[in-house]
Amino acid sequence: MTDEYDDDIVLSELPDDELVPQMHDDLYDGLNEEIVEAVNILLERGWMPYKILTEALVEGMRIVGIDFRDGILFVPEVLLSANAMKAGMKILKPLLAETGAPRMGKMVIGTVKGDIHDIGKNLVSMMLEGAGFEVIDLGINNPVENYLEAMEAEKPDILGMSALLTTTMPYMKVVIDRLKELGLREDIVVLVGGAPLNEEFGKAIGADAYCRDAAVAVETAKEFMARKHNQMIASA
Amino acid sequence: MTDRLQKLLDNRDWLLADGATGTNLFNMGLASGDAPELWNRDKPEKILVLYDAFLKAGVDIFLTNSFGCNRSRLNLHGAAEICFELAERSASLAREAVDKRTSQAIIAGSMGPTGEIMEPLGTLTFTRAVEYFHEQAEGLKSGGADVLWIETISDKNEFLAAQEACNLANMPWCGTMSFDTVGYTMMGFTPKNLVELVSDLQIKPTGFGANCGAGASDMVLTILAISEHKPEIPIIAKGNAGIPCIKEGSIHYSGSPEIMANYAELARSAGARIIGGCCGTTPVHLERMKDRLEKKTNGSKPTHDEVRELLGEPSFQPGEKKRVKRISRRRK
């Protein structure tokens, strides 16, 4: 399973149009240091942080997402890729804020009460950040109160819930039902995910969508933000 | 310690294992998000009812309510300090249930994953994982479990840590993984990998195989993928009763008793010798499964088409896709 890598490639000698595809490869291979080095090279060459984010990192993770979806890459590889992206993001994040890069939207995300699993949720978090969302990650084991507090404090566009156990997934319904009771359900897009879930289940508990993996979560979040944007234009 | 399960396997062609624990406890009033294991202390009468329902359905083996009885998981519920006691209680309640019916059923001490990611990807060290599992194993042993039952594992190293804990507790053990991602485990482990892993172990399990996963048809295909490598150790199939759905506000599983009876028959023909259910499998399902296994004789290995026809469309096409990564300029 362990791959060997060629160290002969000198990133700083690659022209932009070779360096960016090389970054896609290095993200795919989960190579942390190489991503950091390449991000710095592009910054030195005068690239805007947002352009690096979208063309190099987000595009690279999109490819990773496709092969994850298709059962070619599995959690271990995707975690390495996501960590490499995170390393790149760490450099870009403060610069993005300074340069006023566009924000896609805001999401509060957390694993539900009784559930400790956060691999998938972390992937969704990282990939959404990579796609330009502001993400407030509540971590694991969240009772309904945690979601409500975060919604109050952060006013997110999207609420994301994750569960890996068949014994915890029904808790998503508890949260959604509470949102309905409080009259808050219409204010927010609810996305749910986790291994034992399926589309029918997502619908039945009253979520807006079920996202089968992190790549789908990003696409779905973007879609809902675009819809919201269009509605705002239409009603203006 | 004598291995009662081994003895039973020496005398019988197939054994019926139990169904769901967590999802059945929901039907008995467990609130979603709460730890099922706390009921060993707080509602022992309900745990006895569940155990008894399995015994009544005629199972040969049933699992204790101890899936999440490890420090890491119970920490969420502020119950890390009592995980030994909860594990012990899950097994002593099982003993009580068995004695009440003067049943010969085997008590299998359930050990689910820690929920943490192991090194190097995560932070859980191998040593720590062994400690978690060992505490649980000793609790189950002390409560009177006949065999320890590692289940729903996706990471090879976590499987190894759990089996080491069983060895430290000097207990016979079984181990199953959850192949829920297009025929692989979430971490990319294959049925073939598992066969090789258990075959190379110093102290071999009494049984091994697959549990949970993505429905009955996936499970039978997984069992076929395991038996293809002709392992000497008996194969276990414990598949979910279909997939979870919500009906009238509460959770149900899509697999009918009839489907599960088909599943039991096909799983046995595919090579499994210990057959049971997992999430969503009720005593009603088990009765039908037992009935079918008793009435029908063991058939030849089912074809993929037969599996599809009797159990529905699987989530993956077996053997069709090879795991080929994209070419990278750097990777050799």
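In chain A, the side chains of A:E129 and A:K93 meet in a salt bridge with 3.2 Å from N to O; a salt bridge is a side-chain nitrogen of Lys or Arg within 4 Å of a carboxyl oxygen of Asp or Glu. This pair links distant parts of the chain, 36 residues apart, with A:E129 in helix α5 of chain A and A:K93 in helix α4 of chain A. Helices (H or I, at least four residues) and strands (E, at least two) are DSSP runs, numbered from the N terminus. Over all chains, the whole structure has 36 salt bridges.

The model is predicted: local features need pLDDT of at least 70, side-chain atom pairs count only at pLDDT 80 or more, and totals for chains, interfaces and linings use all residues. Residues are numbered from 1 along each chain as its sequence is written, chains are lettered from A in the order in which they are written, and side-chain values use heavy atoms, with hydrogens and water left out.

**The sheet of chain A**

Chain A holds an open sheet of five strands in the order β2-β1-β3-β4-β5, with parallel pairing. Two strands pair if DSSP finds at least two bridges between them. β2 (133–137) and β5 (209–210) stand at the edges with a single partner strand each, so one side of each is left without a neighbour in the sheet. Strands β3 (residues 158–162) and β4 (residues 189–193) of chain A pair over five bridges, and A:G160 has A:L191 in β4(A) as its bridge partner.

Contact means heavy atoms within 4.5 Å. Axes are lines fitted to C-alpha atoms, for helices over the stretch in contact, and angles run from 0 to 180 degrees between N-to-C directions.

| Helix | Lies across | Angle |
|---|---|---|
| α5(A) | β1, β2 and β3 of chain A | about 150° to β2(A) |
| α7(A) | β3 and β4 of chain A | about 155° to β3(A) |

**The interface with chain B**

The contact takes 51 residues from chain A and 42 residues from chain B. Together the two chains bury about 4100 Å², 61% of it on carbon and sulfur atoms; buried area is the accessible area (1.4 Å probe) that two parts lose on being put together, summed over both. In chain A, A:F74, A:I116 and A:T167 lose the most area to chain B, together 16% of what that side buries.

Five salt bridges are counted between chain A and chain B. B:R326 forms a salt bridge with A:D67, and their closest N and O atoms are 2.7 Å apart. Elements giving two or more residues to the side of chain A that touches chain B include α3 (49–69) and α7 (171–181) of chain A.
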